[in-house]
Amino acid sequence: MGGELAGAEGRLDSLVARHVAAHGAPGVAAGVVVGDDLAWAAGHGFAELEGASPVDADTLFRVGSITKTLTGTAIVQLRDQGLLRLDDPLVAHVPEFAGATNPWGPIEEVTLRRLLTHEAGLPVEAPTLDWRAGTFPTIDEVVAALDRVELALAPDAGAKYSNLGYQLLGEVVARVAGRPYRSQVREALLDPLGMRRSGFEGELPGEAPRASGHYPRTFTDAPPVSPTRMKGTDAEGGLVSSVRDLACWASAQFRTDAAERRGDRVLVGTSLAEMHRPRRIVDAAWTEAQGLAWYCTRTDHGVVVGHAGGTFGFRSRLVFDPRTRVAAIALANGEGPAGTLALELLEVAADAVEAHAVPVPSVPVPVPEAYVELLGLYAWEDLGEPARVVWREGRLALAWSPDDLQTLEPTEAPLEFVVRGGSESGERCAFRRGVDGTVTGLQISGWPLVRLLPAE
């Protein structure tokens with residue numbers, strides 16, 4: 001490990017050590033992923049204070065709401081299989097939700113998509129949960145009490161984080177897949193990615209090293225041990241995992257190349273990119289946006305994607321930069337800003353990778369014979385708006401400028417394509433022939449472009 005980071009390992013290690021010393025978490029395990037590899041990992045402190053056992057990349061932590069990214073992915077998998085739509089009302093899959101109250105309109109306005117983006121207006125927790133009394137309902141009990149749920153906000157009125165929403169998404173996964181939520185996540189996500197030591201309470205191997213959670217320090221330097229996770233639900237925050245296993249989850253997020261075909265891929269590239277794409281600005285400063293289950297954060301280096309977690313004495317965050325294909329993971333078994341640490345690790349690692357990146361020369365993909373006659377310069381004569389039809393990186397594309405390439409996706413008709421990307425995305429692009437059979441122009445979004453020059 002470490003060659004990809006070009007000597008940044010010392011700085012990364014120092015960041016973790018300082019975090020442990022400054023915030024009083026008994027231990028922190030951290031890692032940096034570059035592409036498909038766990039390029040660096042370190043553990044500082046202890047899994048539990050009584051035996052002073054160290055933490056490392058294989059120590060299991062409760063990762064809290066990072067679980068939501070798996071639940072969201074399971075929903076999108078089922079969508080891609082044609083078993084549901086993201087705009088389905090929740091009641092289409094959980095009819096018991098018909099008893100809930102939406103003061104602003106029909107209950108059908110609570111859709112799977114709005115639940116994924118925390119825009120459905122649901123309260124944070126189920127009405128039967130009582131933290132002081134220690135009453136934590138199972139998912140069956142949550143569903144049985146849905147007639148007591150009243151929306152806190154109108155759907156789409158604003159961001160409203162909801163654990164209840166993701167508990168219900170987990171129930172959708174179970175009902176649509178026809179097997180328990182845990183089984184679906186295991187067989188569709190964890191096992192294909194090699195995350196065999198991750199899972200939920202009661203199903204993990206007993207010999208796996210396990211961190212104990214700790215509450216904040218109060219009157220002594222020794223933080224008190226927190227209880228085990230008492231919640232009876234899984235889909236919003238029940239996952240137990242390690243830096244090594246979460247590195248597999250992070251690597252899976254980089255497989256967005258539509259041409260890539262890998263056995264350990266859990267979503268097609270377009271669906272991964274759809275989940276990572278910002279959908280709603282969360283704050284007035286435009287520093288954070290909500291995607292499908294993931295959050296997007298604007299930093300000095302650009303927009304990064306990730307999710308944090310916090311539960312019963314644990315703090316965690318996984319964050320990645322899709323552009324550099326670098327990810328950082330920070331897991332703590334106590335209080336402290338694990339989220340800030342993960343961002344700092346990502347910044348150091350991404351800088352190192354970019355500074356030492358060596359360009360790899362590529363062999364040009366030949367232009368298919370059927371596309372040669374389409375290449376050239378086109379323009380809308382009335383407005384003078386020029387565009388080029390080009391062959392770039394193995395794809396036919398429409399280029400309004402050198403940096404604005406819109407892929408032309410083939411259809412069954414040889415001269416008709418669908419535009420992917422840009423403002424014309426989804427529109428038809430149809431090439432025209434003249435009486436002599438040569439290509440004379442194209443039609444896109446109702447705009448007639450005349451061919452001015454063929455490609456030389």
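Started with Arg113: at 19% relative accessibility it counts as buried, because the cut-off is under 20%. I'm working from a predicted model here.

Next I looked up what Arg113 pairs with. Its side chain meets that of Asp87 in a salt bridge, 2.8 Å from N to O. Arg113 sits in helix α3, while Asp87 is in the loop between α2 (67–80) and α3 (112–116), so I noted a link between distant parts of the chain, 26 residues apart. Asp87 comes out partly exposed, at 39% relative accessibility.

Moved on to Arg175 and Glu96. Their side chains form a salt bridge too, at 3.0 Å from N to O. Arg175 belongs to helix α5 (residues 163–177) and Glu96 to the loop between α2 and α3, so this pair ties together parts 79 residues apart in sequence. Both ends are partly exposed: I have 32% relative accessible area for Arg175 and 35% for Glu96.

Asp234 is in the loop between α6 (181–190) and β5 (240–241), Arg182 is in helix α6, and 52 residues separate them. Which one is buried? Asp234 is, with 19% relative accessible area; Arg182 is partly exposed at 26%.

I also checked for anything beyond simple pairs. Arg62, Glu201 and Arg210 turned up linked in a network of salt bridges.

Last entry, the tally: searching the whole structure gave me 24 salt bridges.

How values were computed: Residues are numbered from 1 along each chain as its sequence is written. This is a predicted model: local features need pLDDT of at least 70, side-chain atom pairs count only at pLDDT 80 or more; totals for chains, interfaces and linings use all residues. Side-chain values use heavy atoms; hydrogens and water are left out. A salt bridge is a side-chain nitrogen of Lys or Arg within 4 Å of a carboxyl oxygen of Asp or Glu. Helices (H or I, at least four residues) and strands (E, at least two) are DSSP runs, numbered from the N terminus. Buried means under 20% relative accessible area, exposed over 50%, partly exposed in between (1.4 Å probe, protein chains only).
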